[in-house]
Amino acid sequence: MKRHLLEAGDLDRDDATLVLDTAAQIESALAGREVKKLPTLRGRTVVNLFFEDSTRTRISFELAAKRLSADVINFSAKGSSVSKGESLKDTALTLEAMGSDAIVVRHGASGAPHRLAQWVQGSVVNAGDGTHEHPTQALLDAYTIRQRLGRLDGVRVVVVGDVLHSRVARSNVWLLATLGAEVTLVAPPTLLPVGVGSWPVQVSYDLDAVLPKADVVMMLRVQAERMNASFFPSAREYSRRYGLDGRRMGALPDDAIVMHPGPMNRGMEIAAEVADSARSTIVDQVGNGVSVRMAVLYLLLGGAPDSE
Ligand code: NCD
């Protein structure tokens, strides 16, 4: 494993499999325990440095670090000296001077974690940078697929929606390719990035045509906050062509699953009846996120599960 986890491409197949296997080991080590904690990172400090809003990712990293017995500092740009104009570099150096061993960073600028990694001695984990990458989300998605379907190699994954603005889609495309899955992107042409021709994916504009052959459908949130122009005629039109409703879900093979990284726009990209159905792994994804992030922190910061 490299020192940092900045993008899915930092992991080769062995590394990625090691993270998933370690997460599974941690999960079974903690299953049935009353105290859900391992002593592995006792005395180490993990800083959550969040410049963008987050619910599940921030809480998930916090829980992961705490369950490994690390000390956790939660830093959000609001209310800090960032609002006085302090730079990312000075913020990071300040945190490191106080003894942080790892920085988990979410930032609106694509590439911010890479810059950070050049300035600090400890490990940097990218928790989402602009529209670029979100590698731990892809890891927890891969973990969830493997848990439900028993494999990743040859699994047909359809990723649907706002690919253009989605760091989740980018990280998934690269990680799933590394792990041998076959990815098809479905989106309106306006919501596909220019360079998509060089990605290891198929592209389709017809959701109904690809559903009967999918093992996994991963719905993406329409990221209105990153849209500075009109990318589709109306929410209704978007839902009609690219939304997953009960009728469309009925076209899936019997054991296919439906995923969404959250937060969802219920009724837009995904209907409530689909999000709440037995095929949906949305709640499992959140739970698996904690185990996978524990595995990442453990592997980056060293130590062995169940040892001191
Ligand atoms: C995603 C994100 O922030 O990139 N959410 C998440 O981390 N679970 C996806 C999104 O915001 O749509």
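How many cavities of 30 Å³ or more does the structure hold? The structure holds 1. The model is predicted, so local features need pLDDT of at least 70 and side-chain atom pairs count only at pLDDT 80 or more, while totals for chains, interfaces and linings use all residues. Residues are numbered from 1 along each chain as its sequence is written, and side-chain values use heavy atoms, with hydrogens and water left out.

Rolling a probe the size of a water molecule over the atoms shows where empty space is left. The search used a 1 Å grid over the protein atoms alone. A cavity is a set of points where a 1.4 Å probe fits but cannot get out. A pocket is an open set with protein on both sides within 12 Å along at least five of seven lines. Lining residues have an atom within 4 Å of a point. Grid points are joined across faces, edges and corners, and a volume is the space filled by probe spheres set on the points.

The largest cavity holds about 80 Å³ of space. Its lining includes Arg56, Ser60, Gln137, His260 and Arg293. Helices (H or I, at least four residues) and strands (E, at least two) are DSSP runs, numbered from the N terminus. Helix H2, helix H5 (135-149) and helix H11 (282-301) each give two or more residues to this lining. H11 gives the most, with 5 residues. By class, the cavity lining has 4 nonpolar, 5 polar and 2 charged residues. Here Ala, Val, Leu, Ile, Met, Phe, Trp, Tyr, Cys and Pro count as nonpolar, Asp, Glu, Lys and Arg as charged, and the others, Gly among them, as polar. Domain 1 (8-134 + 286-303) and domain 2 (135-282) each supply at least three residues of the cavity lining. The domain bounds come from an automatic or database assignment.

The largest pocket has a volume of about 380 Å³. It is lined by 22 residues, and Arg106, Arg167, Arg221, Gly262 and Pro263 are the closest to its centre. Helix H2 (56-67) and helix H6 (167-178) are the elements that give two or more residues to this lining. The lining is made up of 4 nonpolar, 10 polar and 8 charged residues. Domain 1 and domain 2 each provide at least three of the lining residues.

The second largest pocket holds about 220 Å³. Its lining has 13 residues, with Arg156, Glu182, Thr184, Gln202 and Lys213 nearest the centre.

Polar contacts are pairs of N or O atoms within 3.5 Å. A side-chain N or O atom of Gln137 lies 3.2 Å from a nitrogen atom of the ligand. Arg167 places a polar side-chain atom 2.7 Å from a ligand oxygen. For Arg221, the distance from a side-chain N or O atom to a ligand oxygen is 2.7 Å. The protein covers 95% of the 320 Å² of accessible area (Shrake-Rupley method, 1.4 Å probe) that the ligand has on its own.

Two backbone features complete the description. Most residues other than glycine have a negative phi, and most peptide bonds are trans. The peptide bond from Gly262 to Pro263 is cis, with omega near -5 degrees. Pro263 sits in the loop between strand E9 (257-259) and helix H10 (272-275). Ser69 is not a glycine, yet its phi is positive, at about 70 degrees. Ser69 lies in the loop between H2 and strand E2 (71-76).

Terms used: Polar contact = N/O pair within 3.5 Å; in protein donor to acceptor, adjacent residues only side chain to side chain.
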